[in-house]
Amino acid sequence: MKFAIALCAFIVLPLGAQEIQFPASFEKLAAKAKESVNVSLDGAMMQLAGKFLSGSKPGESQAKEITKALKAIYVRSFTFEKEGEYSDADLAPIRAQLTSARGWSKIVDVLDKNDRAEVYARKDGERMAGVAVIAGEKKELTVVYVDGPIDLDRLSGMFGLTLPSMPPSAAKK
Amino acid sequence: MNRFEDDLKRALRRQPAPAGFAGRVLARLAAPAPKARLWFRLRWAAAAALAVALMTVFQYGVQQRQRDRGELAKAQMLIALRITADKLEYTREKVVRLTSGGEKP
């Protein structure tokens, strides 16, 4: 019995910490897109990038501070020539991961005509430990997955934006 | 003519080798020739210099590749942050527009 519990914990615990995967069907959208952005920065690449960010240049020093505690950033952004090149089914596997993974919860879901914006946050205790954004427009689709605590105040300051503040308590299921 | 022949005979007459000549010749034969020793040293120095040069070039190449990877990672990170900020701002605008009755923020 103890062995079975240990085995279950061994199998289940790593799944909880597993990063969100982009399914192959989603990655194939790049072939249809007029423009695409594919950024996959894991821990090692984040560290490497951090070494090359200047501590004295304004934009870079802010980025250095923002990304210091981050474990990974994954971005997929597609711009299409015409409407209807992607469907909700393309996003379903990503949504399924975000809604089933431990600690993740949807905090914003906006549907405005054909445009959709969803924000998911992962809570680790009382702090936000990750954020994912799905932004779908008529001819553009973007999915962002940030693993680690991201300081939105610093991020908004870096680009001169007024991003919504997301206190840890906002990430509730 | 006879005088010339006498001179020639005198000049070509067999003379005994000086004392210790054979020993000195044998000793020189046993020791490596100075020119060969110098070449031997030069060859090693050239090989060492070549090895150092190759290592420097290799090291430079590795550093250059690392620098390129780092610069690429940095650029990707800045793009990722820009897109993240843009899409969060896009979401905020949508929320504000919908909550303020369709007016653009």
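**View 1. Chain A, taken as a whole.** Of the 173 residues in chain A, 29% are buried. This is a predicted model, so keep that in mind for every view below. Take the contacts in chain A between residues at least 6 apart in sequence: 59% of them link residues at least 24 apart.

**View 2. The nonpolar core around A:Val131.** The largest nonpolar core counts 42 residues. A:Leu41, A:Ile73 and A:Val131 are the ones with the most contacts inside this core. Zooming in on A:Val131, and skipping its neighbours within four places in sequence, you'll find contacts with A:Val119, A:Tyr120, A:Ala121, A:Val146 and A:Ile150.

**View 3. A:Leu155 in helix α7 of chain A.** Helix α7 covers residues 152-159 of chain A, and A:Leu155 sits in it. Is A:Leu155 buried or exposed? A:Leu155 has 24 other C-beta atoms within 10 Å, and the cut-off for buried is 20 or more, so A:Leu155 is buried. For a sense of scale, pick out A:Gly84 as well: A:Leu155 and A:Gly84 are 71 residues apart in sequence, and their C-alpha atoms are 32 Å apart in space.

**View 4. Where chain A meets chain B.** The contact draws on 35 residues from chain A and 24 residues from chain B. Sort the chain B side by class and you get 12 nonpolar, four polar and eight charged residues.

**View 5. Helix α4 of chain A crossing helix α3 of chain B.** Two packed helices are described by the distance between their axes and the angle between them. Here, the axes of α4 (residues 43-52) of chain A and α3 (residues 34-99) of chain B come within 8 Å and cross at roughly 95°. That angle falls in the 65 to 115 degree range, so α4(A) and α3(B) are roughly perpendicular to each other. On the α4(A) side the contact is made by A:Met45, A:Leu48, A:Ala49, A:Lys51 and A:Phe52, while α3(B) brings B:Arg69, B:Gly70, B:Glu71, B:Ala73, B:Lys74 and B:Met77. By class, that's six nonpolar, one polar and four charged residues.

**View 6. B:Ala49, also in helix α3 of chain B.** Helix α3 of chain B holds B:Ala49 too. B:Ala49 has 10 C-beta neighbours inside 10 Å, and 12 or fewer means exposed, so B:Ala49 counts as exposed. B:Gly20 is 29 residues away from B:Ala49 in sequence, and the two are 44 Å apart in space, C-alpha to C-alpha.

Conventions:
Residues are numbered from 1 along each chain as its sequence is written. Chains are lettered from A and ligands numbered from 1 in the order in which they are written. This is a predicted model: local features need pLDDT of at least 70, side-chain atom pairs count only at pLDDT 80 or more; totals for chains, interfaces and linings use all residues. Two residues are in contact if their C-beta atoms, placed from the backbone, lie within 7 Å. Ala, Val, Leu, Ile, Met, Phe, Trp, Tyr, Cys and Pro count as nonpolar, Asp, Glu, Lys and Arg as charged, and the others, Gly among them, as polar. Helices (H or I, at least four residues) and strands (E, at least two) are DSSP runs, numbered from the N terminus. Axes are lines fitted to C-alpha atoms, for helices over the stretch in contact, and angles run from 0 to 180 degrees between N-to-C directions. Angles under 35 degrees count as roughly parallel, over 145 as roughly antiparallel, 65 to 115 as roughly perpendicular and the rest as oblique. A nonpolar core is a set of buried Ala, Val, Leu, Ile, Met, Phe, Trp, Tyr and Cys residues joined through C-beta atoms within 7 Å.
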